[in-house]
Amino acid sequence: MAYRSTLLRTLDERGYIHQLTDADALDALADKEIVSGYIGFDATAPSLHVGSLVQIMLLRRLQQAGHKPIVLMGGGTSKIGDPSFKDEARKLLTDEQIAANVAGIKKVFERFLTFGDGPTDAVLVDNADWLDKLEYIPFLREIGQHFSVNRMLSFDSVKLRLDREQSLSFLEFNYMILQGYDFLELYRRAGCRLQLGGSDQWGNIVNGVELARRVAGAEVFGVTTPLVTTADGRKMGKTESGAVWLNAEGRDGYRLSPYDYWQFWRNTADADVGTFLRRFTDVPLEEIARLEALEGAEINEAKVVLATEATALLHGREAAEAAAETARQTFAGGGAGAELPRLAVTGEIGILAALTGLGFCASNGEAKRKIAEGAVRVDDQPVGDPALVVPVAGEVKVSLGKKKHGLLTN
């Protein structure tokens, strides 16, 4: 449909809209006044990964269209864990773990949103502020009466677990009630009229919309985004080496350098370039149309733009340009740029230790397989012996396949 509001028109043009609870009414509201909208992020890890990026960009689009983003940290709901489309219950975290995770996650939003006290400035709140204070019986009397167990059992996120005969605890079953209550509480506290989320959150969002109407007589709205998949049908953000984390610093296993983040986007399949440029960068739509129409080797120009612009949003323009230059030197110039991953070595190192130390392989077994496949090179020379010892004087380049390069230094 043709939207009047800048908000829904932008979301539609850039491919963010999957479902809306009342498109006409939301369009009219967004066209005449500032709308506060929120997305919740549970603190189940010390960093968000790229699978959360479409939601972060959704809040960015909300602010760019002249509305107010609310970042809701799930300090309370993280104590339960969202069961939506999960095969089993999440591991329960301690209060200390959740607090540490929240601290790590907060940093990312400052890159994408402008925070402050103005009418369209973003704010960050934590649902632990109200969920931790709930009294069970009063909560059941006020909120529980508005939820139908029959209907809750009909949601796909619940049905899938039950159809597979996988356990769904009463603890997890409460998650959708608490998420619905979050919307009501944000409406009461901040006048929030809109909840946004991924398509897997549709049932939870509808619960919140209906709860706010029944308890507070409020007209509130919900929007979900489509599941982001790659051209070959895989969930976007899943790689052979694991999740693509958004934090550049932090706990081992939950961080990714700006260069590796740049490389993730540079390795996008040709068919995905236009979609990813629209959803994950601020490149104008006219320029995106030109870039996605490129063919053959010229499509690499579009991939470099995608990688550089996506990295600039998260890590800053300087880091993005440095990553692009490192890639240019490594791939085009045959050199070794400053942003390549490095491993300090004293004297010499075995090739297996080098591959695992640089993070190219998760284990010696994987490193041996890569050597057997002929995928490993040292200073551009093929390696065939897993027992190879590499002397390190100055810098030695280690490569795995065509896209992973690192330096051994002393």
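**About the model.** This is a predicted model, where local features need pLDDT of at least 70, side-chain atom pairs count only at pLDDT 80 or more, and totals for chains, interfaces and linings use all residues. Residues are numbered from 1 along each chain as its sequence is written, and side-chain values use heavy atoms, with hydrogens and water left out.

**View 1. Helix 12 is mostly covered.** Helices here are DSSP runs (H or I, at least four residues; strands are E, at least two), numbered from the N terminus. Among the buried ones are Tyr261, Phe264 and Trp265.

**View 2. A tilted pair joins Trp265 and Phe280.** The structure holds 9 aromatic pairs, meaning rings of Phe, Tyr and Trp (its six-membered ring) with centres within 6.5 Å; planes under 30 degrees apart are stacked, over 60 edge-to-face, the rest tilted. In this one the centres sit 5.1 Å apart with the planes at 45°, so it counts as tilted. Trp265 belongs to helix 12 and Phe280 to helix 13 (residues 273–280), so the pair ties together parts 15 residues apart in sequence. Both Trp265 and Phe280 are buried.

**View 3. Phe276 meets Phe280 edge-to-face.** Their ring centres are 5.6 Å apart and the planes stand at 75°, hence the label. Both lie in helix 13, 4 residues apart, about one turn of the helix. Phe276 is buried, like Phe280.

**View 4. Ring pairs build a cluster.** Tyr261, Phe264, Trp265, Phe276 and Phe280 are its linked members.

How values were computed
Buried means under 20% relative accessible area, exposed over 50%, partly exposed in between (1.4 Å probe, protein chains only).
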